[in-house]
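Subject: Structure handover

Hello,

Here is the structure for your files. My notes come after it.

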Amino acid sequence: MPMRHSLIAGFLLAAATPAAGQILQGSVVADETGAVLVGAEVLVLNWKNQPRTRGVTDTSGQFLIQGLSEGDYKIRVTYLGYAAFTSKELWVPRNERVEVR
């Protein structure tokens, strides 16, 4: 049976211009070691738990998702060999910066 590890995702919600929508950015690391995970899938789910948009972490474990509307979202992160991580519901406000750890 393969060993499943845990993921930790840190999020930073940053306001953008109204035309571009809100921006969600953060990083994904391995729980046990704190090592960054390159290529982790970051899926943004709307209030109905339906996929809204997705992104992938870069070589420093960072992700950037643009074009979100104001509203409630959950973030699901998956990476081969690790248990999926799903955040609590996040409120993405308009013209405000929110950090979620």
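The notes below cover a charged pair, a threonine and the nonpolar core.

This is a predicted model, in which local features need pLDDT of at least 70, side-chain atom pairs count only at pLDDT 80 or more, and totals for chains, interfaces and linings use all residues. Residues are numbered from 1 along each chain as its sequence is written, and side-chain values use heavy atoms, with hydrogens and water left out.

The structure holds one salt bridge (a side-chain nitrogen of Lys or Arg within 4 Å of a carboxyl oxygen of Asp or Glu). Its partners are Arg 54 and Glu 41, at 2.3 Å from N to O. Arg 54 lies in strand 4 (residues 51-56) and Glu 41 in strand 3 (residues 41-45), 13 residues apart; strands are DSSP runs (E) of at least two residues, numbered from the N terminus.

Thr 57 sits in the loop between strand 4 and strand 5 (62-68). Thr 57 is buried at 4% relative accessibility (buried means under 20% relative accessible area, exposed over 50%, partly exposed in between, with a 1.4 Å probe and protein chains only). The Thr 57 side chain reaches the backbone oxygen of Leu 37 at 2.6 Å and the backbone nitrogen of Gly 39 at 2.9 Å.

The largest nonpolar core has 16 residues, of which Leu 24, Val 28, Val 42, Val 44 and Ile 75 touch the most other members. Such a core is a set of buried Ala, Val, Leu, Ile, Met, Phe, Trp, Tyr and Cys residues joined through side-chain atoms within 4.5 Å.

Regards

Technical notes
Helices (H or I, at least four residues) and strands (E, at least two) are DSSP runs, numbered from the N terminus. A polar contact is a pair of N or O atoms within 3.5 Å; within protein, one must be able to donate a hydrogen and the other to accept it, and residues adjacent in sequence count only if both atoms are side-chain atoms.
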